[in-house]
Every structure is written in C-alpha cells, then in structure tokens.
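Trainee: I am new to this structure and would like to learn how its features get their names. Could you walk me through a few of them?

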Amino acid sequence: MYHWLTDALQGPSIVITANRRLARVLREQYAEQQLAAGKVAWHSPAIYSWLDFLDSLVSAATDPATLPTKISEHQSQLLWEHCLRREIGNGITGLAGLVQLARDTWQRLADWRVTIREVARSAASRDQRLFAAAAGRYLGILERERWVDDAGLGSLVDALIRSGRVMSHGRVTLVGFDRDRPLVSRILTALADKGCDVVSAPVPGIAESIVLPCFESPDAELRAAGAWARDHLERNPDHAVAIIAGKLDQQAEHKTHLVREGLVPGWQYGPRSVAHAVNVSYGRRLVEYPAVSVALLLLRWLVRDLRAADIGHLLRTPLVSSLPTTGRSALELKLRQLPDRDWSPGMLSAALRGQDDDSDAADWLRLVAAITKRRRELPKSASPAEWALYVDAMLIACRWPGTDVLSSFDFQLVNRWRELLNDLARLDLVSPSMSCETAVRRLELMAAGTVFQPESEGKAVQLIGPLEASGAEFDAVWISGLSAANWPPPGNPSPLVARSLQRQLGMPDAEPSDTLAYAQRLLIRLGSAASKVVCSYASREDDAEQSPSGLLQALGAKTGPAPPDPGWHAAVLSKAVNTVVVDESPPGIIPGERVAGGAGTLQRQMADPIAAFIVGRLGVRRLQTQAVGLPAALRGNIIHDALHQLYIDTPTRNDVSAWSDDELDKRIATSLDAAFARHERNADVVLTELFKLERRRVGDLMRVFVAVDLAREDFAVAAVEHEIEFAEAGVRLQLRVDRIDRMRDGSLAILDYKTGAKKKFLQSDGRPREIQLIAYASAIEDPVSALALVNIDSREVSFDGAGRGYTGDTDWDTWLADWKQHVRVACTDLSLGDVRVNGVQGVNDARQFNLLSRFTELRRDG
C-alpha cells in the first residue's frame, strides 16, 4: 500500500491530505516503509492535512509582525454567537446549532471565494438576509482587530505565496481531494507559478472482482462485515482491513457494536483491548464521556442548583472524591426519599446532615461544603484565563477524575480536557471578562462541540466513514449501506445562501446532478481503495424494501451470495451452553443472625419464600425512584409522625374527649409543626406551597381521626411508635408498632395506621390479609383482645379489625392462636433456608426480584 509515498517525499517535497486522519495514517506508513528499508533514523516527513499545511505556511512567512492574529475555532464560535445575537436578539433558542451552521456556511463561502456583498445581494429570505448581516458584522470585527480565522487562512496564504513571502519550491503531492474548490485550486496554481511541481497521488484501479451481497437488515449486514473481517485477518494477519459505513457521526456507537459482534464474538466479556480491535474514525463528543460529564456537573453546581438525579450521579460516580462509595450510596438512598427540587450545595448539606456515619459519606459532604464556600466567594467576573485556572483548581480539590491510576485512554481524555481549558483561557482575546456562569456555559458548549477520538492500541479493523476513507488504501474493504435510498447520500446545500447564487457558482449540492456526480466519484475512489472489495446493502430498512444503488454499475459489482450473519453472540451462547443445575440449599439461620425487613419478611415468607430470603437474609432493598412533589410514602410518613406527636403523652379516651376545640386545634398545630419541620426546612418555593396544602389536608384528617377514635369504647393509649423484639425459631426481628391501646379489662388492642387506599384486615374466608399485626401480637406477652388497621385517607377514616369491638370475643382466642401458629411455621421455614418460588403469583408481583428468583425462566420452563 502507498507504494508511491517514499518517492513522493524525496528531496524538497510535501504531501497534503484532505483530512487529518489520512495525514496521520501516511506518517505511520512512511515510518513502516523506512523500517522495512533497514533504516533506524530518518527525517520527519512533511505530511500535512490541508488546514495544517496552511498554518505551516503562515508560520514560515517573512515579516510575521505584519500578519493578522489567528483566532481559534472556539474564539470564532464566540464571535459568531455575539454577531448573531446582535442581529436576531437574545431570545433565540438553539443558538449553538445556528452558530455551527453559520460557520460551516462561512467556510464554504471562503472555499468558493464568494463575497458577503454577493450573498447579501442575492438573499431571498429573511434567514439569508439575517445571515448576511451577521456575517458582515463578523467580517468587520476580523478586519478591525486584524484577526483571521480558519476560513480566512486560505486567502491569506494565497496572498503570501503571490507576494513571495513564503518559500515555495519542490514537489507537492495531493491525496484524497475528490471535490474541486476554487480557493484550493487558486493556491495550487500560485504554488505552480512559483516553481512547485503540483501533482496528485496515483489512484489504484478499481478492484477486479467486486461482489454485491444483500442482507436482511442493516444490523445483519454489519455483523456479517465484522465476521468477514475476522475471517480475512485469520488468513492474513498483517493486512489492513476497513469497513466503510455512513452516518457514523450519528450512529458510531451502535455500528461499532454490530461490527464487534461479528469480529470478536463475546467482546463484552474480554478486556478493553478486545473492544479496541475496531478502530472507529469518528469519536464521541467530549461531553458524552463520563469523566467530562461529571466535571461539568461539578462546575454547574458552582453557578446554579442541581436536580436530585444529577446529585445522585455525583454520589455514585467513582470519578469524584475517594473510594469506596458505600456511605455515599446510603446518602443517595436518603436523597431519593426527599422530594425532588433544585438543590444548592448548602441546602443539600443541611438535608443530609447526620447521615455521614461512613467515612466516605463524611468525605463527600465535606466536598459539598467546600463547593458551598467556593460558591459564596465567587468573584462577579474574571478573565477566561483566570476562570480556567479556577476550574482546574476546583476539580483537583474534588479529586477529579478519581483516585485510581489512569489508563492510557483516561490519560488521553484528561489531557484533552486540559486542552479545552486552555482553549477557554484563549478566549481572553475576544472576551476579556465574563461571569463564572458564562464561563461554565462556554465550557459546556465547547465540550458539546468537540469530538474526541483517543488513539487506540488495537487497530485490527478500521470502521470509517466514506469521506474519511477517500484517498486511503487497504488490503481489503467492505463498503456497506449501498442501497438506492442511502447512496448517493442526500445533498447538503446551505440554507443561508440563496440557491440561485449557489447554482451560479457551482457550489456543493446546489444541483442534484452535482450531488450525483460527487457520489459517483467518491464511490469509484472507494472501490479503488483495495484489491479485495465487497459492496453490500440491506433488503429492508425502516420497514421499507430496498434495492441496490444504480451507481454501483460503475464498479462492475456483481450480485453474490451473502456471507452468513453470525447473529448476537449472547443468543448463540444461550443455545450452545448446557445449564448445570446445582443441588444445594442455602444454610439455615445461625445464632446471632439478624433478619431484616421486619414483619414484612414474614409476610413474604408466607406468600413467596424466595422473596423473604432475598429481603430478610440477603438484605436486598428495592431501589426507590426519585421522589417527585409529595410522594405517597412521604405523605404517609408525615401522617404517622403527626399522629405520633398527637398521642405522645399517651392520653386516655376521656382525656381526648375533654379537649376543647381550641385545645384540639393547638395540639394538632403542634403535631403538624413537628411532623413538617424537617421537610419544610429545605423546601423551595414550589415545595413550600405544596407543603402548605398538605398541612391543611393532614390537619383536617386529624380532626376526623379524633372524632372517629372517640366513637370507640374506653381505651388508654399505652404506647406509640413502640419498638419490640420478635424471636421465634431462630428468627429475630426488630418491629415497630404504630400504637398500642390498653382496654378497660387490661387487655391490649394493637393498631396499625394505613394511609393509602382502604384496607381490610380479614379476607372473605376470615383469614388475615396481612401477617404484620399477628407478628406484633406474637411478640407481646400481655393478652391481646383486638387487632385493627386504621385507614386514614381523604376518602375515609375508619377502623377495620378483628376481636373486641370488631368481630366479637367469640372464638377470638382460638383464631389468634391459629394465626400465631401460622407465624411460627413461617419462621421455622425461613430459619431452615426455605427459598421456594411461588409459581402461581402474578408477573407484576414477581417482577422486583425476578433477576434473582428467575421467576420468568422457571415459569416458562415449567
């Protein structure tokens, strides 16, 4: 491959490529050729991409003090944003996308040597006139400040060459230039006029035998391409293999996964180097990398409050503070129970105070306190360079990106982030001062617009886009997606320039014929990129039938059998591996072992033993979704707390009856203050209003509750929120009873508050629906004469139970003894390690523990 390269670099010579990727490949190829020739040292070859070539000429020009100052891409973006805002106003949305479109159009105008005057004269729509005005303003700033951007670099170089201010001699070899651009042609002509020998690199002929297989779907097509590459490399390990695919800027990750499925089946289970066997030409935007996303979240917290989901991200990530994260996980569980809101660092510290028993939790809360201090002491404005230093210092203080040793990939990523901070600092030139919020927002935009592709150690197969592949050479190439719907790709004329002007000047895609001709030239170039070429397409895409592109005729591609689609490795693995059933049971409960979950674990034991084992013995908890507004659990807790405060003095029925209306109102108000205080303390404006409404609702419920309570026979509140220890058959549980009343004869009535929809204690067959109250009764030595659920809801406040006052005393002792026996049996089964799965329960009931119980598989196989 590239047999012409060594000769092209003999003597005073330079090689210019259409893109930076191809320039990097050619430098690597030149090094390999020198080593193959037996050399141990050589001069660095003069191989540049077009833009880097222009930069090199400006740097080498005589009398540099008279040259305009070069501004960077990010400086240009900031200027364009300023100019567009001046023309359109500050209320515009999607400004970042408009800035990018304006810059792309500006570059195209420069390449076709179109003046702003021509653009303004031909403007046919309001958008085109606004762009012409903004572009004129932008050009005026460049001229006034003596600045030049990337788009203006070509004209500057052309003038320098023609005035003799740059050295121009030797040979210039062009590689990968498939579309003629007037400015490029003018510069090359100027070089030739000054004595340079300007030539194009030789293009190999079209591969002799090109096959055209058809696949069922685009996914099958790329998996098969990966398998084809693996087969080729197994026979020719030293070959360079490429798979060409379109839309990598939108679907790079998905298409990479598909190729890996065929190239390295089971790559997900291997080391990172296995995934790097596919080298993708298009990287991801910097903001999409977790480390950068976390860094930006921390910076965002400096200038504005964060939602709970973002704070949860900061709590979970190992990229901030120290390891382990056990205590921080507990903090997140606490946070999920609090209503979602915009959290400032200070408010979050107050809300989570007292939850920092683990050292890593305390360490994280100290980090939050430091952010609070920084936020309080932020200067109103500073230069971009000062903000860059400030940002770097803050991230270091937060121990970003973690305490682990950086891998090669992570090292490259952190370096690219620091380059971005340098770019921020360079904004001094165009914006001498800005607020911290503006600096952080600018960093977010820069990270969102910067594509980062780390250098990969493994490069077995190149997954590359058609434009990046132009000019490259390989041993074998697979060109995918060549259906009539995808090739030629849709044209991309600029909407900011009148179409009539674009047609007049022959600008890209101004006419369908131009799009077609360019796609034909590019396809022929790709068909010449290797001696072995496969073209392919999918017969169906997006539920529509597809046919091969008509442009394939120029390649002489012949329909051939499609290589097999290897499918998804996981599906193949599930059929190939025989499941081995291990006959063993979990151990029984040992002395001293604590069982979690309270009485709910016994309820689970009776309904689905495996669930009791998972919750009670493994300690698994269902991860709550983030609370929003006032969730049912929070509202229930508030009612429990308020009733606890109302009866905390353990009054009798007569005491309660003696309360006057004013005294009842005062007691209710005091109870509400105690129940709401810790929640209202950290409430924002919206939550404060919601709490006011909830306070009125709960107050009304408490008045109704007292009236219903007084309708019962005489009682004395014996305990509220009473903690008891339950022990049976080796099972030890910590229980908390909402309320225990002592009746006139000294017996006890056990009450459990329910704040949701109304619940009945007994089923139609006379058995309890829930075992909770029975467990309480089993743990209390005093005689129990009644068990009841207290339904407290806006729809109804009522008592529903069994025993005295509900079902009478007849057979009560027999019933209670029978129910207690069920509890003892459940405890015995749980103690022995019972892990049976209830196969007749509903799918929804089994879903939360399905991953551990394998309920779906057992039900299907059974």
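Mentor: Gladly, and keep in mind that this is a predicted model. Let's begin with the second largest pocket, where the lining divides into 18 nonpolar, 15 polar and 16 charged residues.

Trainee: Which residues of that lining are closest to the centre of the pocket?

Mentor: G597, G600, R604, R621 and Q624 are the closest to the centre, out of 49 lining residues. The space in this second largest pocket is about 2,200 Å³.

Trainee: How many cavities of 30 Å³ or more does the structure hold?

Mentor: It holds one. The largest cavity has a volume of about 70 Å³. A cavity is a space where a 1.4 Å probe fits but cannot get out, whereas a pocket is open, so the two names are kept apart.

Trainee: What lines the largest cavity?

Mentor: Its lining includes W4, V175, A201, P202, E473 and R525. By class, there are eight nonpolar, two polar and two charged residues. Glu and Arg count as charged, so E473 and R525 fall in that class.

Trainee: Why is a set of residues called a nonpolar core?

Mentor: The name applies because its members are buried residues of listed nonpolar types, joined through side-chain atoms within 4.5 Å. The largest such core has 88 residues, and W80, W364 and W417 touch the most other members. Helix 13 (residues 290-303) gives the largest share, eleven residues. A second, separate core has 39 residues, including L26, V175, A201 and I464.

Trainee: Which residues does W80 touch?

Mentor: Leaving out residues up to four places away in sequence, W80 touches V99, A102, R103, W106, F131, A134, A135 and Y138.

Trainee: How do you know that both faces of strand 9 are covered?

Mentor: Buried means under 20% relative accessible area. In strand 9 (residues 241-244), V241 and I243 on one side and A242 and I244 on the other are all buried, and both faces are covered.

Trainee: What makes strand 13 a partner of strand 9?

Mentor: Pairing needs at least two bridges. Strand 9 and strand 13 (residues 461-464) have four, in the parallel sense, so they pair. Here I244 stands opposite I464. Strand 14 (residues 476-479) also pairs with strand 9 in the parallel sense over four bridges, with W478 opposite I243.

How values were computed
Residues numbered from 1 in each chain as written. Predicted model: local features only at pLDDT ≥ 70, side-chain atom pairs only at ≥ 80, totals over all residues. Heavy atoms only, no water. 1 Å grid on protein atoms, 1.4 Å probe; cavity = no way out; pocket = protein on both sides within 12 Å on 5 of 7 lines; lining within 4 Å. Points joined across faces, edges and corners; volume = space filled by probe spheres on them. Buried < 20%, exposed > 50% of the residue type's maximum accessible area, 1.4 Å probe, protein only. Helix = DSSP H or I, 4+ residues; strand = E, 2+ residues; numbered from the N terminus. Contact = heavy atoms within 4.5 Å.
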